[in-house]
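Colleague: Before I rely on the labels attached to this model, I would like to hear what lies behind each one. Could you set every value against its definition?

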Amino acid sequence: MDTSDKVWACPFDFADGLEFDPLLRQLMTEAPVARIRMSYGEGEAWLVTRYEDVRLVTTDRRFSRAAVAGRDFPRMTPAPIVQSESINLLDPPASNRLRKLVSQAFTAPKVEAMKPKTQRIVDTLLSGLEDHGPPADLVKHVSMQLPLTTICEVLDIPEADRPELRRRAIAMMSVGAATKEAAVRAKAELRTYFADLTRRRRADPGDDLISSLAVAKDGDDILGADELTVMAMVLLMTGHDTSTYQLSNIVYTLLTRPEQLARLRAERGLLPRALEEFLRFIPFRKGVGIPRVATEDVAVGGVLIRKGEAVHVSYLAANRDPARFERPDELDIDRPASPHMTFGWGAHHCIGAPLALMELELAIGSLLERFPRLTLAVPPEEVRWNDESIWRYPYELPVTW
């Protein structure tokens with residue numbers, strides 16, 4: 001079937017539990033490099049779904065994130081989430097300077113040093129769950145609090161400010177046209193908050209990550225005021241989003257697969273590898289993120305992408321590519337280690353991935369140990385799933401033990 005001239009309408013609004021988006025699956029098989037039109041933004045874009053093609057687009061310098069700045073690019077949200085000064089819109093070598101500064105906070109020794117504090121946060125949250133008694137909502141008691149608390153500790157954000165920052169971050173991720181004004185307002189409010197906070201940290205630095213970035217130098221070069229403000233925002237939002245939703249998603253996936261759950265309870269050493277498989281398997285978001293723009297004509301998967309055209313990649317589809325993963329639609333915690341793309345790829349691979357993995361491992365390991373009889377308190381079909389955001393996760397996850 002020739003689909004080379006077809007333009008696919010891609011609202012990417014599929015939100016049926018954690019089932020894989022059937023439209024994405026159709027694109028993977030019928031048009032691995034497809035022309036798409038999305039709900040918001042001007043014109044069309046390409047969508048790349050094969051693992052090797054995604055790897056090409058995310059590592060080849062002929063595809064530029066910086067070229068997206070100022071464009072009304074095809075996207076899922078009414079207003080763009082990304083800001084022009086963000087590291088997410090920089091290309092190497094410009095992005096290398098920022099990444100070098102920020103990655104210092106997430107080295108293996110730094111993350112290892114955060115473990116005791118994170119474990120204490122986990123233990124406190126699980127005690128709160130236990131004190132509440134069954135049935136209790138895991139989302140409310142654990143998932144919504146652990147990653148946010150951890151990243152706020154790293155950034156030294158006052159406890160009283162955290163719920164409001166969380167509300168604004170959620171507002172920015174909404175995909176409904178009616179929420180555009182609220183999303184724009186939330187983004188402006190976050191920016192104002194972090195402009196003030198970063199200004200104060202620069203004047204009076206502490207031991208936190210924002211202070212470290214404020215005083216960090218690369219030769220004579222330091223982060224500008226706007227760069228520092230946006231970097232702090234990006235760290236807050238990316239530092240808790242994926243971990244928050246994946247914690248709920250992984251627990252749900254485990255509790256609906258008794259055999260895998262029994263294996264992990266019996267063999268705790270399997271947990272790190274199992275987590276990587278959960279991250280590969282679970283479609284933790286909808287659709288796509290920030291595109292790139294071709295700076296010259298490039299052939300991808302046998303299709304010519306012209307200079308100036310926007311190109312989206314699907315990490316979700318790449319994670320299910322049968323050319324890369326045997327039996328990709330099966331959750332197999334014995335699967336041999338193979339790099340997935342849940343944390344992105346190339347120059348925009350998530351800097352905080354080691355922190356996210358540490359949080360997930362401590363939270364899920366402690367949950368299994370402390371609640372050996374943990375089960376869902378409602379039938380799986382009664383769990384309500386988010387349908388308003390780019391993220392996929394349960395609104396509540398009632399559990400009992």
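Modeller: Helices here are DSSP runs of H or I with at least four residues, strands are runs of E with at least two, and both are numbered from the N terminus. Residues are counted from 1 along each chain as its sequence is written, and side-chain values rest on heavy atoms, with hydrogens and water left out. Because the model is predicted, local features need pLDDT of at least 70 and side-chain atom pairs count only at pLDDT 80 or more, while totals for chains, interfaces and linings use all residues.

Colleague: What makes a space a pocket and not a cavity?

Modeller: On a 1 Å grid over the protein atoms alone, a cavity is a set of points where a 1.4 Å probe fits but cannot get out, whereas a pocket is an open set with protein on both sides within 12 Å along at least five of seven lines. A residue belongs to the lining if it has an atom within 4 Å of a point. By that rule 20 residues line the largest pocket, with Met-114, Val-154, Asp-207, Asp-208 and Leu-209 nearest its centre, and α4 gives the most, seven residues.

Colleague: How much space lies in the largest pocket, and what is the volume a volume of?

Modeller: The largest pocket holds about 430 Å³, where a volume is the space filled by probe spheres set on the points, grid points being joined across faces, edges and corners.

Colleague: Why is Arg-306 called partly exposed?

Modeller: Its relative accessible area is 45%; buried means under 20%, exposed over 50%, and partly exposed in between (1.4 Å probe, protein chains only), so Arg-306 falls in the middle class. Arg-306 sits in the loop between β8 (303-305) and β9 (310-313). Neighbours within four places in sequence aside, Arg-306 is in contact (heavy atoms within 4.5 Å) with Ala-294, Glu-296 and Asp-297.
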